[in-house]
Amino acid sequence: MALKNLGSGRKVKSLLLPGGKGMFFVLGIDAATWTVITPNLSELRNFKRLIDIGKSKTITLKEKPISASVWCGMFSGKLLEEHKHESYVVNGEIVKREDIKVDFIWDVLEREGKKVKALNVPFVVPPYSFGVNFKPIGFGLPTNEKEWNEELERVTAKAKELLAEKPDLLIAIYTLLDRIQHFHWGEDYVVEWYKRMDEKIGELIFDTGFLDENNKLIVISDHGFCSFGEAKVQTLPEQTPEGKLKGDHHEDAFLVTVNVDYEIERPQDVFFAIEEEVS
Ligand SMILES: [Zn+2]
């Protein structure tokens with residue numbers, strides 16, 4: 001059979017290379033919450049497109065909605081009792097990657113010879129990157145509009161660059177919505193930032209053509225958000241040097257998947273979904 005009959009060069013290549021599994025992209029959005037997304041979908045065009053083509057659900061955490069612990073569990077597959085990492089700071093000391101005695105999905109896959117990149121993963125501060133040279137904005141705790149913008153732009157630009165390298169797995173995480181919601185929960189200002197995030201999702205997922213091929217995608221948050229007084233767990237003191245907090249973490253997290261068969265019921269399942277699809 002003549003190869004030219006098979007169509008475009010790209011199709012020929014994928015037909016001739018069985019076992020080419022495509023890329024797996026986990027886009028983490030710290031604190032993304034359905035209670036902001038759902039009522040604003042008419043203005044969040046790319047969230048809407050994702051929800052339309054993918055499978056979406058609420059993940060209700062059984063564990064405390066603490067960012068450090070949830071992201072750690074998500075990428076190690078372990079429960080808090082096993083990874084024992086509950087907080088960015090313990091006894092006045094910042095906890096480092098080396099202090100957490102677990103393998104993460106990037107460690108596991110790299111040993112298998114896979115090409116893995118992880119960008120700005122906030123299970124520690126400053127957020128952790130693997131196989132990527134990246135300086136987190138504001139030590140991973142961006143606190144003002146300038147820093148929020150900078151994080152949005154720089155994480156997007158770096159993630160695009162990494163997608164173009166076609167790794168087996170890319171994990172990229174934005175932290176800014178968590179910070180914005182702590183300070184501005186209940187204000188229209190929060191929706192404005194979701195719209196900016198929505199544009200970046202469009203650039204990353206749709207403008208790059210990522211979903212045109214047989215690639216796999218998870219878009220997920222570590223917890224949702226609610227007003228400060230409503231939260232079952234207080235994650236920060238109400239009074240901060242930057243002002244009084246208006247919002248805090250809620251146990252309902254956001255999830256949309258595209259082309260992922262593994263059923264994700266809790267953060268830890270992200271580890272197993274990746275392991276099953278990429279290993
Ligand atoms: Zn968080």
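This is a predicted model: local features need pLDDT of at least 70, side-chain atom pairs count only at pLDDT 80 or more; totals for chains, interfaces and linings use all residues.
Q: Opposite which residue in β7 does Ala-118 stand?
A: Two strands are said to pair if DSSP finds at least two bridges between them. Strands (E, at least two residues) and helices (H or I, at least four) are DSSP runs, numbered from the N terminus. Here Ala-118 stands opposite Ile-171 in β7. Strand β5 (residues 116–121) pairs with β7 in the parallel sense over 4 bridges. Strand β1 (residues 24–29) also pairs with β7 in the parallel sense, over 6 bridges, and Val-26 stands opposite Ile-171.

Q: Which way do the residues of β7 point, and are they buried or exposed?
A: In a regular strand the side chains alternate between the two faces of the sheet. In β7, Leu-169, Ile-171 and Ile-173 point one way, whereas Leu-170, Ala-172 and Tyr-174 point the other way, and all are buried. A residue is buried if 20 or more other C-beta atoms lie within 10 Å of its own, exposed if 12 or fewer, and partly exposed in between, with C-beta atoms placed from the backbone. Because 6 of the 6 residues of β7 (residues 169–174) are buried, the strand is largely enclosed by the rest of the structure.

Q: In what order do the strands of the open sheet lie?
A: The sheet has 7 strands in the order β2-β13-β8-β1-β7-β5-β6, with mixed pairing. Its edge strands, each pairing on one side only, are β2 (55–60) and β6 (128–130). The twist averages 15° from one strand to the next. Strand β13 (residues 252–258) pairs with β2 in the antiparallel sense over 6 bridges, and Phe-254 in β13 is the bridge partner of Thr-58.

Q: At what angle do the axes of α8 and α9 cross?
A: Two packed helices are described by the angle between their axes and the distance between the axes. Axes are lines fitted to C-alpha atoms, for helices over the stretch in contact, and angles run from 0 to 180 degrees between N-to-C directions. The axes of α8 (residues 176–184) and α9 (residues 188–207) cross at roughly 170° and come within 9 Å. That makes α8 roughly antiparallel to α9 (under 35 degrees is roughly parallel, over 145 roughly antiparallel, 65 to 115 roughly perpendicular and the rest oblique). Contact, meaning C-beta atoms within 7 Å, is made by Leu-177, Ile-180, Gln-181 and His-184 of α8 with Tyr-189, Val-190, Trp-193 and Met-197 of α9.

Q: How many residues of α8 are buried?
A: Helix α8 is mostly covered, with 7 of its 9 residues buried; among them are Leu-177, Ile-180 and Gln-181. Just after α8, Gly-186 takes a positive phi of about 90°.

Q: How do the axes of α3 and α9 cross?
A: The axes of α3 (45–53) and α9 cross at roughly 50° and come within 7 Å. That makes α3 oblique to α9. Arg-45, Asn-46, Phe-47, Arg-49 and Leu-50 in α3 meet Asp-198, Ile-201, Gly-202, Ile-205 and Phe-206 in α9.

Q: Where is the place of Thr-38?
A: Thr-38 lies in the loop between α2 (34–37) and α3. It counts as partly exposed because it has 13 C-beta neighbours inside 10 Å.

Notes: Residues are numbered from 1 along each chain as its sequence is written. Two residues are in contact if their C-beta atoms, placed from the backbone, lie within 7 Å.
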